[in-house]
Amino acid sequence: MKLIIDRIAGHKKMFFTAMFFLLIETFADLMQPTFMARVVDEGVKNKDVGRIILYGAVMLGIAAAGAAGAVLRNLFASRTSQTIGKELRADLYGKVLELSFENIDRLQPSSIVTRITNDVTQMQNFINGSMRIMLKAPATCIGAIALIIAQTPRQFPVMAAILCVSAALIAANMRLGYPRFARLQKRLDRLNDVSREFLSSVRVVKAFNAEEKEEHKFAAAAEGFADAGIAATRVLAVFSPLINLTVNMGIIVLLWLYDARDAGRIGRLMASVNYMTQVLFALGMVSNILNNAVRAAASSERVREILEEAPAQKKAASPLKPDIRGEITFKNVSFAYAGSSKTALENISFFARAGETIGIIGPTGSGKTTLVNLVPRFYDAASGSVLVDGFGVNDMEPETLRGAIAVVPQKALLFTGTIRENLLWGDGGASEESMRAAARLACADEFVDSFPDGYDTVLGQGGVNLSGGQKQRLSIARAILRKPKIMILDDCTSALDASTEAAVLRGLRAVSEHSGMTVLLISQRISTVMRADRILCLEDGRLLGFGTHAELMRDCPVYQAIYESQIGGGKLG
Amino acid sequence: MDSSRFAPPPDRHFGRPGGGMGGMGLQRGQPGERPKNMKGTLLRLWRLTEGHRKGLGWIMLLSVLASASSVLSPLIIGRAINAIDSGGYALKIILLMLAIYLGDWLVRFMQQFSMASISQKIILHIRMALFSAMKKLPLAFFDRRQHGELMSRLTNDVDNISSTISDSLSQLLVFTFTILGILGIMLFLSPALTCVALAMVILIFILTKAVTKRTGRLFKAQQAALGRLNGQIEESVSGLSVVKAFCREGEMLKQFEEKNRELCEVATRALIVSGFLMPITNVINNLGYMSIAVVSGIMAAEGLISVGLISSFLLYSRQFSRPFVEIANIYNNFQTAVAGAERIFEILDEAPEPEDGPDALPLEAPRGRIEFENVSFGYSKGKPVLEGFSLSVPEGTRVAIVGPTGAGKTTIINLLTRFYDVDSGRILLDGRDLREYRLRDLRRAFGAVLQDASLFDASVRENIAYGRQDAPFEQVRAAAATAGADSFIRRLPDGYDTVLSQGGAALSQGERQLLTIARAVLVDAPILILDEATSSVDTMTERRIRLAMLEMTKGRTSFIIAHRLSTIRDSDLIVFIRDGRIAEKGSHDELMELNGLYAEMYKTQSGMGE
């Protein structure tokens, strides 16, 4: 809630203008009965048609003013809520781009997306809709009651009593309702979790004949949700009729207390009754926005979490911008993912000359990807230092560092747009020829040319219309086009068949020999890394061997074991 | 994006709990989806309320009673005013009012109180019906659809249906009753003033129509802009590493701001136009109030009507227009809910996995002889994955299925377990077609270790016992020991009672695999299916997995989709599949001798040749 208020404060002028017009709108509604009272007391009682018409004209004028107020309120309020929504989205998006992967892992990508989209919308709707009710309702109540008292000052104690009782009822309603609606929201999350789990494991469920078990689990979540729903709505069921009753009692008391002293003021009595119905309507709205308030509060909490996430990486005070040749040094580097007690890398040291191809092998979870992610500073080492050309990566301008590095991730990530646009991510100013050359080296030219639109083929979100192998080859071409000094290939040929993989690797070797770029080549397959200049062999985050294939076969038992398991004679103990 | 279905308008369904996952929310005047077959769907919905009809009838009755008080009270207030105005004592009328208000309180309380539980019970009923239908659907159904979309049917659509339909139904009833009641009383009191009130309603009606006509287009444009923006958000979050690696943050931000601005513009316009409805209604209400005050004032001044009647009419004029304004919106929501109901019925109507016929055979102790006879199969028409596939596997054979990605290896497993049924040809188990056996028995005959090591948010013990929930702890432990998982499980903080979260995210890939193997071991099935994970695990674990696999496949027919050369060499029969056909089959030595595709693959992978 604090975030919502803060954001509104950022648009004070617009917001208060909107509120000002809201007050005009409310005031116009409130003035109608007052003049109606005059119509009756002065016009009807004196049989003065002229007066009746005169007051009618005044009422018409007030209605028009109210209409103008409402239209302007609508303009300003809509503009305010949408602008706040836009700014929140932009701030969140900008923040997410700035965050390091440590932050992103913690917040979880799918949750980040919902926060930027759904949660912001919830807040926006709340600002536009519910705030109006929250402000208009009290204004109407207080105004109406003040006017009743103005008409018949003797009613003051009764009105005050009614106001107090309804305020108490509303407070109690909120007090009891809020936690119940909050619990309902939690139960809804649980229901969603259970459904998601079922849907994503449906194959296992069927293979093990476990449909009934899943049904019980789902039933428990659905029942929990239903119970919470009943509990929450019952609070409203108790309080909203009570609030109605209180205001209706007010009408009775008004009529009851009218006596001879008020003679000739029957119109005012009528006006008071009308005011009470206005109060009734306004109070009805307030107790009903509870659910929205709960959701908006939850949403704003989730949004705030991103905005207040402290970036895990510090910027260097005076970042260096050297010309990078491509030497990589790891000095006693250790690393652990946040929230995990296990170290992902432990005391790793090695040195790669510029232009060298370093193979990295080791089982899943041994720290291969973690290791290469430290080079472009996706994560910061916990201790020790990662150096490129002798400069610490943390001291360099990130653009300079990353500008010299090309990464081909395990999962080929392409973006909405044409194939050409995707490739030009590597180098926006590349010529048509060099783009095609890069595609050719990655063995992507043939299939691209086979598309009717060639390089202008539009890819759907995430490149959905391509096969896994095609995406991998485009992702490699994009990296080649970048003409990097350091190329990181993270097991990026897994979807290619053996002969295409061999051709792609030949292409890459040609590039590296020609341009002298350093290559970090991760693979699960020993046959892929065997031909690298030197090979890092990792297990459980520890460096078990570093050397040529022949050296490792001689000195490194784990490397031998991998070789044995994938290629060798493979006798089991 | 999950929220392709949108939650109900947050602004309008005040007293309603939950309401789905919170999408963009329909706004006032936003056109709802149109149902395809309103009448048929409603009829089916009615059938779903079986067992709750008495409760629903009770709620309807209470709603009508509650609206009776709002119809009557202005009339009585008018009477009271008249009595007071003529200097009389209004005690009797005031007591009557007191009675009406207390009655109103009681009726409203009962109505809302019972509504809370009845509508939740109907929701629960529909939701469970939906889930029960879903769990019986064949795998093809789940493979074809996005999970997010199915999820929103289980949550949003169900909530929408029951609450909107029971809300709207009672509201429609109340409004019809209110309108007719008020109209009757007004006509009885003064036909002339009734005309004034009616004129206002007609005016509101016309203007509302004019506004909604314009908003339809704007809301569509808003949805489109929103879709584009959400697309970019998703894409850049999931591809963030590439965005950062290529230093594209600035470019992405620029694109985002453009789309964000577009959305803001069109959304503001839509909101403003639709937001006109409220002020317009309000103005006309005030206009009506004023007209009635003036006309009735003049009439009263002429002595045609009493002062109390003015009061009654003023109160009625406010109440009269509201149902007219609301009805259009209710109808809109109603349509959205019915469209949601249609999506639910669509699932209920999907053909479930075929029920076992009356003569389906039990399968007690299968021996495990498997034959594929000329099997053809494709996931979609005209795109066969397997073609003329024939293979005979004697019982107790260890079969390795090898071949490039997309060759149809997983399909063989899908057909064996009858996740899918063959298009032509047949698969025999112990000499009989798979389809002749009871499905549950058939599935029990297979122990499966599937590639996606799906674990559940439950304790380690429950996860291992997933296929045999009644298994005593010693057996669970023995299965874990066979799978080589016992030692690491005992090192977990709570041992076998350690609760896994997020599908076992805290475990390593290898540990997860060992658990899924233990799960299959415990089932003790005569035939095994192992989809070897493409990624390797650390050498110790890998050795363990290999030993566990050898141990559990001993004497059992087993199908292994193999990636490691070591696993492949461990098998009795290697089947090399390419383009949905068997290219080569035989033992390792035979195939090496043949010097064909298998030999080439083996050599490339083992680095024996270029």
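1. A definition to start: two strands pair if DSSP finds at least two bridges between them. With that in hand, look at strand E1 (residues 370-380) of chain B and strand E4 (residues 424-429) of chain B, which five bridges join in an antiparallel run. One pair to pick out on screen is B:Glu371, whose bridge partner in E4(B) is B:Leu428. Please keep in mind throughout that this is a predicted model.

2. These two strands belong to an open sheet of four strands in chain B, ordered E2-E1-E4-E5 and paired antiparallel. Strand E2 (383-393) and strand E5 (432-433) of chain B are at the edges with a single partner strand each, so one side of each has no neighbour in the sheet. Helix H11 (residues 409-416) of chain B packs on this sheet and touches E1, E2 and E4 of chain B. The direction of H11 makes about 110° with that of E1(B).

3. Chain A has an open sheet to look at too: four strands in the order E2-E1-E4-E5, with antiparallel pairing. The edge strands in chain A are strand E2 (345-352) and strand E5 (391-392), and each pairs on one side only. Two bridges connect strand E4 (residues 383-388) of chain A with E5(A), again in the antiparallel sense.

4. Strand E9 (residues 573-578) of chain B pairs with strand E10 (residues 581-586) of chain B over five bridges, in the antiparallel sense. B:Val575 stands opposite B:Lys585 in E10(B). Two residues lie between the strands of this hairpin, and B:Asp579 in the turn has a positive phi of about 50°.

5. Now to the helices. How do H6 and H8 of chain B cross? The axes of helix H6 (residues 191-238) and helix H8 (residues 249-275) of chain B come within 8 Å, crossing at roughly 160°. Angles over 145 degrees count as roughly antiparallel, so that is how H6(B) runs relative to H8(B). The crossing of H6(B) past H8(B) is left-handed. Residues in the contact of H6(B) with H8(B) comprise 14 nonpolar, seven polar and five charged.

6. On domains, the assignment for chain A gives domain 1 (2-307) and domain 2 (411-483). The C-alpha centres of these two domains of chain A are 52 Å apart. For chain B, the assignment gives domain 1 (38-349), domain 2 (368-445 + 527-535 + 547-610) and domain 3 (454-524).

7. Domains 2 and 3 of chain B have C-alpha centres 27 Å apart. Their contact draws seven residues from domain 2 of chain B and eight residues from domain 3 of chain B. Helix H17 (residues 539-553) of chain B supplies the largest share of the domain 2 side, four residues. By type, the domain 2 side has five nonpolar residues, one polar and one charged.

8. Last, the meeting of the two chains. How many residues does the contact take from chain B and from chain A? The count is 134 residues from chain B and 142 residues from chain A. On the side of chain B that touches chain A, helix H3 (residues 91-135) of chain B gives the most, with 20 residues. The residues on that side of chain B divide into 69 nonpolar, 41 polar and 24 charged.

Conventions: Residues are numbered from 1 along each chain as its sequence is written. Chains are lettered from A and ligands numbered from 1 in the order in which they are written. This is a predicted model: local features need pLDDT of at least 70, side-chain atom pairs count only at pLDDT 80 or more; totals for chains, interfaces and linings use all residues. Two residues are in contact if their C-beta atoms, placed from the backbone, lie within 7 Å. Ala, Val, Leu, Ile, Met, Phe, Trp, Tyr, Cys and Pro count as nonpolar, Asp, Glu, Lys and Arg as charged, and the others, Gly among them, as polar. Domain bounds come from an automatic or database domain assignment. Axes are lines fitted to C-alpha atoms, for helices over the stretch in contact, and angles run from 0 to 180 degrees between N-to-C directions. Angles under 35 degrees count as roughly parallel, over 145 as roughly antiparallel, 65 to 115 as roughly perpendicular and the rest as oblique. A crossing is left-handed if the near helix is turned anticlockwise from the far one by less than a right angle, and right-handed if clockwise.
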